[in-house]
Structures are given as C-alpha cells and as structure tokens.
Amino acid sequence: MPLSPAAQNLVDAAAARFPQSMSGTPLAELRSVFGQIAVPPTTPIYQSRDVIVSTSRVDIPVRIYRPSAESGLPVVQWMHSGGLTMGGLNQNEEYLRKLSIAANVVVVSVDYRLAPENPYPAALDDCRDVWCWIKASPIELGETTGVRTALAGESAGGTLVFTLGQQLRDLGLPMPDAQVSFYGGAEMRISNPEHSTNMLTLEDCQWFWDQYVSTEAERSSPYVNPALAQDVSGLPSALIVTAEIDPTRDATEEYARRMMRAGVRVELVRYDGMMHGFATLTGTLKPARELFGRTIDFLQSSLHPTDLGSDVLIRGRKDV
C-alpha cells in the first residue's frame, strides 16, 4: 500500500529540508538540521541526569531517565538513530521520558561515537562499554545486580541492538532479558529498492554504510552485518518492528524469521503505510502511538515480574 497521508506529509517535509537527499548534503549541515528537528521535552520526569561513563578508550556521555525514586527498577539501554553518523542525547528526549514512565524502567541513552570520524567498531565498543557499566552497578544507577535489562534502539540504533546482542553472547558477557529494534538493518543490503523515499533513499543507505565501515573484510563480520552470523540461537527475546516503506525491510524480516527458527522468541511486526523513521514520531503518527503501546506491553511482560499469586503485571503509566 502507499504511504499514509500523514506519513506522506512527513516525507514531503524531509524532501524540503534535504532537496539533494541526506547523502547529498554536507555532513556538518546534515547534523545541524538533524539536531534542530529534535522534539523538545515537555513531559515531567522524576529525574533526567547526564553522566560520563569513563573507559580505557574514551569517555562516553549517557543520559539516565528515572521515573521514580523506586529502587531495583529494570534498565533499558537505548541507542539512537542517525545512520551512525549523526544524532545524540537530545534526539529522543521526549520519547524516552515517556518510555521510562510508561514502562516503569530506568532508561540509559548512549551518546556513542559517530562515523566517519570514528568508524567501526567505535559505536559498538561504546555501547558494549556502557552495557558493562550498567551491569557493574555504578553509583549513578544504584544496585543493578539481578535487575532485568533490555537493549533498545531505532534504525542504526536498532542495528546496534542486533550486533551488541550477538557480541555479548559470543564473549560470554551478561545478556539482556529482551531486545527491541525499530527497523534496525540486519544486513547492509538493499532488499526493497522499490521503497526508497526522501527520508531514506537507496543512495543514503549506501552512503551511511560507507561512512561506518568501508572494507569488505569488515563487512563480513556479524558485528557489522548481524544477518551474516552462522548461529543466531541463544539471543534475547525480541520485538522487531519493520516499516512497509523501507529499502531494507525484507532483509531484516528474514533475519527475524531466522531467529525464530533458531528458537528465539520473536514478535515481528510490520507497519503498513509507514516509512523508515516513523517509530518515535508519536506526536504526529497514530501508528507510532500504537507501536509505543505495543513496546510498553513487550517491555512490561519481559522486564517486570508478575505479582506473587497473580497474573497482573507491575505497570507504569500509559497516560503520558
């Protein structure tokens, strides 16, 4: 089906902002425009706090969202979109405040290093280091030993969800209890050339991939192309969301089905009439709001234990 009228309006607006497509726009200008369209936060939250995670390689900025003073809450690590070349902590501020409150979880948003200044494996290294920091019960988070955890991300961040999950498994590091990927590319492959839009053209896909990793040898790694992994068993239960109008849709859905065949519990959902980039646009798109509710349900069932003697889940607030 074609784009919904509301989605088409957003694609038309993107065309006005980037008349030569994203890949045809100078990177500095692209980053500036991308930063300007971030939705300012309006939802009050108990705490939003910026912290530096220091590692042997680099200091990594993170932003911690806490819905209440309650201790022992589950933790969700969030990785933002932006083709691994742009984006940052302000990008999903309003969305993550609402997610933290509605799912009753602590959210840790990662400001990973960007390409081309910092190509592969910089972003993946940063996300892994933050994950290990979370698992080490840092004073900024409080006690996290034994709490349930998840990885979540959108687009490039959704790809990092896939690659980080595989790497944690392979290295024998603590695993998340769940993962959420909004149209994260499981493979650097144009599987649906008929679904190019001004929000993501075929040239944009290739350009973003080239900025992050340019050699064929590196692209053969499942930590770049998760669909190339020989073994996809033993991965966390997953909510994998695709958009109908997305040049990489089928490749990601094939990866999700492969995970299912390997025994991983996967909820695979395609949103018809939606384009790559829709998921966090809850103020504009009704399907994005529906997906928000679905995501909250998935996180609550995955991360919050049921009350003893009851099937009622411990819930946050959905009316945010």
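Predicted model: local features only at pLDDT ≥ 70, side-chain atom pairs only at ≥ 80, totals over all residues.

Biologist: How many salt bridges does the structure hold?

Modeller: A salt bridge is a side-chain nitrogen of Lys or Arg within 4 Å of a carboxyl oxygen of Asp or Glu. By that criterion the structure holds 17 salt bridges. One of them pairs Arg31 with Glu117, the closest N and O atoms being 2.8 Å apart. Arg31 lies in helix α2 (residues 27–36) and Glu117 in the loop between β4 (106–110) and α4 (122–135), so this pair ties together parts that are 86 residues apart in sequence. Helices (H or I, at least four residues) and strands (E, at least two) are DSSP runs, numbered from the N terminus.

Biologist: Which residues are linked in a network of salt bridges?

Modeller: Asp50, Arg63, Glu93 and Arg97 are linked in such a network.

Biologist: Is Arg219 buried or exposed?

Modeller: Buried means under 20% relative accessible area, exposed over 50%, and partly exposed in between (1.4 Å probe, protein chains only). Arg219 is buried, at 11%. Its side chain meets that of Asp210 in a salt bridge (2.6 Å, N to O), and Asp210 is partly exposed, at 41%. A further salt bridge joins the side chains of Asp250 and Arg249 (2.9 Å, N to O). There, Arg249 counts as buried at 9%, while Asp250 is partly exposed at 23%.

Biologist: How is the packing of helices described?

Modeller: Two packed helices are described by the angle between their axes and the distance between the axes. Axes are lines fitted to C-alpha atoms, for helices over the stretch in contact, and angles run from 0 to 180 degrees between N-to-C directions. Here, the axes of helix α3 (residues 93–103) and helix α9 (residues 286–303) come within 10 Å and cross at roughly 45 degrees. That makes α3 oblique to α9, given that angles under 35 degrees count as roughly parallel, over 145 as roughly antiparallel, 65 to 115 as roughly perpendicular and the rest as oblique.

Biologist: Which residues make the contact of α3 with α9?

Modeller: Contact means heavy atoms within 4.5 Å. From α3 come Tyr95, Lys98, Leu99, Ala102 and Ala103, and from α9 come Phe292, Thr295, Ile296, Leu299 and Gln300. These residues divide into seven nonpolar, two polar and one charged. Ala, Val, Leu, Ile, Met, Phe, Trp, Tyr, Cys and Pro count as nonpolar, Asp, Glu, Lys and Arg as charged, and the others, Gly among them, as polar.

Biologist: Where is Asp126 found, and what does Asp126 touch?

Modeller: Asp126 is found in helix α4 and is buried, with a relative accessible area of 1%. Not counting residues up to four places away in sequence, Asp126 touches Val58, Ile60, Tyr112 and Arg113.

Biologist: Where is Pro222 found?

Modeller: Pro222 is found in the loop between α7 (216–219) and β7 (237–245). The C-alpha atoms of Pro222 and Thr163 are separated by 6.8 Å, although these residues are 59 residues apart along the chain.

Conventions
Residues numbered from 1 in each chain as written. Heavy atoms only, no water.
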